[in-house]
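This report describes one protein model, part by part. Look over the sequence and the structure first, then read on.

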Amino acid sequence: MTTLFTRLQEVASPRIGLGAMNLSHGYGQPVPEAEAVRALHEAFEMGYRHFDTATLYGATANERVVGKALAARRSEILLASKCGLFSDPQTGRRTIDGRPETLRRQCEESLERLRTDHIDLYYLHRWDKGVPIEESVGALARLVEEGKIGAVGLSEVSAATLRRARTEHPIAAVQSEYSLWTRNPEIAVIEACREAGTALVAFSPLGRGFLAGAIQDPQRLAENDMRRSMPRFSTDNYPRNLRLLAELEAVARELDVTSGQLSLAWLLAKGDDILPIPGSRSIDHMRENLAAERLRLDTATVARLDAIMTPERIVGERYGEEQLAQVDTEAFG
């Protein structure tokens, strides 16, 4: 954590970072490049300093747009990307490959797309279960030694895998889905992170738009929107989850904030080592999310929110069967 938090301090970063994925990947048609570049420029100007991308997003397009937008600001930001998970250019299928030679090649290609000579934080996007985690982490450690990356991260791993990985090299951050309606890191990963001073970077901290009240009817989402295949957004499950959102929105009205800001403030209250990285295509929403940095929740409010979104009240898995098989994160029974 020292390396990561030192870098965040160097660039005067708020704890809330920006996930750039939404601009190129996952939620319908990509944002046109010129608009995406403008959004990233605006994000920097409003105060974001931690920017997160990946080889996978937009089949490398997201790294290209982040590089184009932020290369001139490179010394002023913490730049994070990911390897080991990519879209096969022939089939379009997601491929997981954690072999050392693949990770090195992807890193060198990412450096070119990002227009930089080093990446501050480089994650193994998914653990390739056909390759020992120590072997993949060892390859990333060699990239640290060469100055191509500043620190090693892991994404969607269990506490046991994290403990194995850190015998090979310190792990600066674990990136996991963490929000009011996805509490899986609380099973074991947060504790394992704290044992070693590893930051927990929370992706999808707004529940893929759900906690911000952005999705009233998932059936109106674009045909290629990933949420259409997620069980929580199904025709049967989503109306039941909306009842929980109504409870969250009632608390937000009492505090005169948005439900999204309240959800981010809840994460910030969980510990100084929790770093949310909400993503958005909207500059206004980026500004709204960053404003949550100023909110401070008392323990009674945190407990009240905990009770609204307990895991047993959430209806549906966070991923479909294929994606669940690709992650190593602990799941509630």
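## Helix 3

Helix 3 is mostly covered, with seven of its ten residues buried. Buried means under 20% relative accessible area, exposed means over 50%, and partly exposed is in between, using a 1.4 Å probe and protein chains only. Helices (H or I, at least four residues) and strands (E, at least two) are DSSP runs, numbered from the N terminus. The buried residues of helix 3 are Asn62, Glu63, Val65, Val66, Gly67, Ala69 and Leu70. They pack against helix 2 (33-46), strand 2 (50-52), strand 3 (78-83) and helix 4 (100-114); contact here means heavy atoms within 4.5 Å.

## About the model

This is a predicted model, in which local features need pLDDT of at least 70 and side-chain atom pairs count only at pLDDT 80 or more, while totals for chains, interfaces and linings use all residues. Residues are numbered from 1 along each chain as its sequence is written, and side-chain values use heavy atoms, with hydrogens and water left out.

## The whole chain

The protein chain has twelve helices and ten strands. Its radius of gyration is 19 Å, close to the 20 Å that the globule rule gives for 333 residues, so the chain is as compact as a globular protein of that length. The radius is taken over C-alpha atoms, and the globule rule is 2.2 Å times the number of residues to the power 0.38. Along the principal axes, the C-alpha atoms fill a box of roughly 50 × 40 × 40 Å.

Of the 333 residues in the protein chain, 60% are buried. Among contacts between residues at least 6 apart in sequence, 77% join residues at least 24 apart.

## Leu180, a buried loop residue

Leu180 lies in the loop between strand 8 (173-177) and helix 7 (189-196). Its relative accessibility is 1%, so Leu180 counts as buried.

Which residues does Leu180 touch, not counting those up to four places away in sequence? They are Leu211, Leu248, Ser263, Trp266, Leu305 and Met309. One of these, Trp266, is 86 residues from Leu180 along the chain, yet the C-alpha atoms of the two are separated by 7.8 Å.

## Cavities and a pocket

A search of the whole structure finds two cavities of 30 Å³ or more. The search uses a 1 Å grid over the protein atoms alone: a cavity is a set of points where a 1.4 Å probe fits but cannot get out, a pocket is an open set with protein on both sides within 12 Å along at least five of seven lines, and lining residues have an atom within 4 Å of a point. Grid points are joined across faces, edges and corners, and a volume is the space filled by probe spheres set on the points. The largest cavity has a volume of about 40 Å³. Its lining consists of Glu177, Trp181, Thr182, Gly207, Arg208, Met230, Arg232, Phe233 and Arg318. By class, that makes three nonpolar, two polar and four charged residues. Ala, Val, Leu, Ile, Met, Phe, Trp, Tyr, Cys and Pro count as nonpolar, Asp, Glu, Lys and Arg as charged, and the others, Gly among them, as polar.

The second largest cavity holds about 30 Å³ of space. Val66, Gly67, Leu70, Ala71, Arg74, Ile77, Leu79 and Leu114 line this cavity, and helix 3 (residues 61-70) gives the largest share of the lining, three residues. The classes here are six nonpolar, one polar and one charged. The second largest pocket has about 290 Å³ of space. Its lining has 18 residues, of which Asn184, Arg232, Glu317, Ala331 and Phe332 lie nearest its centre.

## Cysteines

A disulfide is a covalent bond between the sulfur atoms of two cysteines. Here a disulfide is counted as a pair of cysteine sulfur atoms within 2.5 Å. How many disulfides does this rule give? The count comes to zero. Cys107 is in no disulfide, and the nearest cysteine sulfur, that of Cys83, is 7.3 Å away. Cys107 counts as buried, at 0% relative accessibility. Cys193 is in no disulfide either, with the nearest cysteine sulfur, that of Cys83, 18 Å away. Cys193 is buried, with a relative accessible area of 1%.

## Two residues with positive phi

Ala12 is not a glycine, and its phi is positive, near 55°. Ala12 is in the loop between helix 1 (2-10) and strand 1 (18-19), and at 60% relative accessibility it counts as exposed.

Glu156 also has a positive phi, of about 55°, although it is not a glycine. This residue is in the loop between strand 7 (149-155) and helix 6 (159-165). Glu156 is buried, with a relative accessible area of 1%.
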